[in-house]
Amino acid sequence: MTQLSKTASTCAAQWKMCLIKVFSVIYFTAVCAANNPEDVTAMFEVSPTSPLPKSAVAPTDYEPPVPSLQRQSEWLDVFPSEKVELSCSVSGSSDWTFIWHRNGHEVQDTDPNVSLSAGGSVLTITAAAQMYSGNYSCKGNHKTKSATTAASNSVVLTVYENKPRPMLKRSSNYDKMFPGESITFTCTVDVSSGWEYLWYHDGNEIPASNKSTYIIGDITHPSSGQYHCKARRGKSPFYTEESDTTTLQVSDPPTPTLKLLTPWLDVFEEETVELGCEVNGSDWTFSWYQNQKLLEEDDILTLESEGSLLNITSASQIYQGGYTCKTHLESRRVSSGFSNAVDITVYENVPKPTLSKNPGFKQMYAGETVNFTCNVDVSSGWEYHWYRDGDDLRDTDKTISVQLSPSNRGPYVCMATRSTTSTESSEEITQEILEIPVPSLKLLTQWADVFPTESVRLSCGMDGSSDWTYMWHKDGHKVQADDVLSFDSNGATLTVSSASAAHAGKYTCKGHLNDRSVSSNFSSGLTLTVYDKRPTVILMQDPEYKVMFPGESVSLSCHINVSSGWEYLWYKDKNPLGKSGSNYLIGSKATTNGGSYTCQVKRGTNQVFLTDASQAIRLEVEENSPKPSMTQQPDVDKVYTGESVSFECKVELSSGWEYLWYKDGALLSSNSSSFNIHNANLLDSGTYSCMAIRYKTMYKTKYSDGWFLRISEIPVPSLKLLTPWVDVFPTESVRLSCGMDGSSDWTYMWHKDGHEVQADDVVSFDLDKTTLTISSASASRRGEYSCSGKFKSRPVSSSFSSGQTLDVYETKPRVILTQNPIYNVMHTGDSVSFSCHINVSSGWEYLWYKDGSLLHTFGKNHTITPVKTANTGSYTCQAKRGSNTVFQSDPSQAVRLDIKERPKAEIGLLTGWSEVFSTDSLVLRCVVQQSQDTWNYTWFREGKGINLLPSERHIVTPHNDAEQGEYTCQGIRSGRPSYSKTSNSFQTKNLLLKRRVLLSISGCIFFGIIAVFLGCIVLRLLRKKVEDDDKPEEENLFLTMAQLKDCPDAPCPLVEYITDASLNASSKEGDETGMICSETTPLPISPQEDQAVTTESHDSTESNGGLVSFKQ
């Protein structure tokens, strides 16, 4: 019995220990899920000898304080290179580090213009550019707790783009300042505050106070110069730009200049005197002095133009003397010295002029000139007035010259005036005037045209006067006496005793009055003709045909062109014909009328003058009618339109022919020996012939042979561009060709904009100029090119070809690089496309560069999809074209592309382990880690989107996930990046399977416990009671906490359970499915659930929950 009791007692103790183990597992599983869902197993990583906690401490909510941001610098609007210091602190605590934000973005201390103190509490910014402007705030991170404060108050920092330039003003803007005056300069900076001012004179700093004004109270000549200012502020001074300079010019007051404005310094009484006082500048007043005494205005003395003019309106003796003036600047209290002096003399009486004349003859001939002089011997500036017969001559000179005529005899008087003063009239002078007679020239001999050895006499005379002598002129030259030519005593008769050709000419004569410089006009002229040889007789034929044909008539005329009274003699073959008169007519000709004809003339009775015979005229008579011959120039089969064609029709016999032209039998309107077709056209084609006619005798020849003319159109050359492009750039080459289809008989001429193109160092041509080559294009080669052909053997030029416009750009083309989308920062997975644009010309190939290295990309577009962080860099592109000579553009502008990693979404399980056994649903949460932005979330099951509103959470129930699938999520937002990376997958089927297994095990354990308790009760009732002294000492199955601490070898049931092999295997399975507390991925808990678990833990603590000894 005792043994049985011991056995039952031992069994009960063993069952109790098993129950303790089971409850320990359940208890610590619940504690794991409630206190730290991130790592359940971490709670149990205790050594077997570690004492268990007496009770668990419930967590409480912690509200971090808000930091305070304070400005350490005096101002928040700064300029380049100024520094700004901001501090961030948490009141009453130094357990915080701080991060700073500008416009919502974290400030990086890698920026060389930003520095942070230890812990980040002080931010120092060097305002290098406007990019540092913005709204600054800070946040605190607790050094020991995982707590982050809200954002502090913010301050706005403004960074100006440029240093300010002070504005310099002055109290006086006069160009010149005078000694003793004062001036105030003011310097202002109209942005920000806290300025001190520095002043400079001629570049040297003025040791004055740092005020915004600088005053010069007493200006002196050393005060002249350039003034400027600048401002500074701060401990490490920041200096503004220098202001504009202003010039202070100091000079003595100007000395006025006194001028006499009226003409004379010596005047007569009642005349006017006007003096002017001049000074440089304006606003001056004037004072006047006579003999150094100040003058006052009265009825005679008046001042005008603000006192600058002094008028003496009526001079008298009291106003005689020296005058000066002074100037005054009243507004500035400045006076000048005395001006130069002007002396005025005043006469008492007015003089009378004296009149004289030269020469002094009483009688003079018309045409002679007499000079009258009027003289006033006092003062100057006189204006003279002349009168004849009381009429004003409108002449104001002192001396006048009068060319005498019967109408200006006189009498003459004069007077003088100036200003308001007039003299008396002079004495009168009267002049008697006679007309000059014209001599008369007469021929005393009979003939005016004579032959050598004849004599000639001419006479010249004035009617009824012998006071004249005469001079003779021949052809405008004076005639001198010699052995043949002589004059009588006063030259009135001229005699030529033996005429010769030297005496021929036009004779005139003129008279000269003895002892006076009076000469008459020339007489009328008389022409004397003296032939130097015998006259020539000319025989003329009409018509002048050398050969005549039967039926024609001819007239001969004998001509002598000198003198008159001639008789005519006719001869044939030197035999007299017995005909008289100057003409001889020969009627219907027969061959017997042929021969040599001459004529001769004679005149005179006593002495017959006979000329030589005329030239002979040979007359031939041809019996047969001639036939004309016809030729063509050019002598070619084909003539081009626009060419000139000439037909020549010629009759070899005789002369005087005119020609009739026919085309295709129709008479043409032409009668010359040649028929010219200018600018031929297709209608000019046909058969041409001609006939000769002499209209004077109306004699016609036979028709010529016919000549066929064919006219063809001139071909138009074809201009081709041999290079691919019509718009080129400097240094590119261009080749153009010009040609006629299938013909090498042409050379070519090139034109640009209507001007002929000449070969030079750059432009060259091949043989016949069929090809034009520009080896290096420039802007001067720009224009429209055309060509024309010229026939090698004839002056035939084609019309211009169609134009080819060559456009040569001034500079290399500009390449523009564009990016789509236009973001400076992109994220992995994005796509970006670069386009290289060159909007001129064509045929471009594109080169792509990243950070200066050539990329193996071709075409005008370069697309990167998806982008990676390795794609970060500076991109440029360049265009090229050409094969033999490659032309390259300048590189485009650089486009900077920064690629950042796209944030990744992560899935967490919000459902606690303590709730797994009491609910059929799982709450999943999606979070984008390491992002301060606000996100919405899209959920996917088995890779397919779930049609729900975007939400941070997703609830999985058997209703919506009967198969317990694989879940992923992705963050989305309206800003950039617009989406995150897809999270790792989360599988719910393993978690729910474990839940079912655990529930089954718990049911078995529960029913096992009931069975054990019932068995123990049955054993307790069936066993016999033994004596107390015979009872074995009951084993102490449960140890107190103190005993457990003192027993290093006491086993820990929880540790033994957790280190069990089967549990470890289950833990590994959990690792594979990404579940249970050992997952590396944190399973976040919502704040409400956190509070619920905290409340449960708190209740358990209050009831001494957990595994503790039953023995106190």
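Student: Which residues does G739 touch, leaving out those up to four places away in sequence?
Tutor: In this predicted model, G739 touches P717, S718 and Y748.

Student: Where is G739 found?
Tutor: G739 is in strand β66, which covers residues 734–739.

Student: Buried, partly exposed or exposed?
Tutor: G739 counts as partly exposed because its relative accessibility is 23%, and the cut-off for buried is under 20%.

Student: And what separates the C-alpha atoms of G739 and G789?
Tutor: They are 7.9 Å apart, while the two residues are 50 apart along the chain.

Student: Zooming out, how many helices and strands does the protein have?
Tutor: The count is 7 helices and 88 strands.

Student: What share of the residues is buried?
Tutor: Of the 1112 residues, 39% are buried. Among contacts with a separation of 6 or more, 62% are between residues 24 or more positions apart.

Student: Switching to salt bridges, how many does the structure hold?
Tutor: There are 27 salt bridges in the structure. One of them pairs R232 with E196, with 3.3 Å between the closest N and O atoms. That pair links distant parts of the chain, with R232 in strand β15 and E196 in strand β12, 36 residues apart.

Student: Which residue does E643 form a salt bridge with?
Tutor: E643 pairs with R794, the closest N and O atoms being 2.8 Å apart. Both partners sit in loops: E643 between β56 and β57, R794 between β71 and β72, 151 residues apart.

Student: Is E643 buried or exposed?
Tutor: E643 is buried, because its relative accessibility is 5%. R794 is buried too, at 10%.

Student: What links R782, D807 and E810?
Tutor: A network of salt bridges links those three residues.

Student: On to the surface. Which residues gather in a patch of negative charge?
Tutor: E296, E297, D298 and D299 gather there. D298 lies in the loop between β22 and β23, and its relative accessible area of 38% makes D298 partly exposed.

Student: Which residues make the nonpolar surface patch?
Tutor: F1006, F1007, I1010, L1014, I1017, V1018, L1021 and L1022 make a patch of about 880 Å².

Student: Where is L1022 placed?
Tutor: L1022 is in helix α3, residues 989–1022. L1022 counts as exposed because its relative accessibility is 66%, with the cut-off at over 50%.

Notes. Residues numbered from 1 in each chain as written. Predicted model: local features only at pLDDT ≥ 70, side-chain atom pairs only at ≥ 80, totals over all residues. Heavy atoms only, no water. Helix = DSSP H or I, 4+ residues; strand = E, 2+ residues; numbered from the N terminus. Buried < 20%, exposed > 50% of the residue type's maximum accessible area, 1.4 Å probe, protein only. Contact = heavy atoms within 4.5 Å. Patch = residues over 30% accessible without salt bridge, like charges linked within 9 Å, V, L, I, M, F, W, Y side chains within 5 Å. Areas by Shrake-Rupley, 256 points an atom, 1.4 Å probe, with all protein chains shown as cover. Salt bridge = Lys/Arg side-chain N within 4 Å of Asp/Glu carboxyl O. Lys, Arg positive; Asp, Glu negative; His and termini not counted. Charge placed at Lys NZ, Arg CZ, Asp CG, Glu CD.
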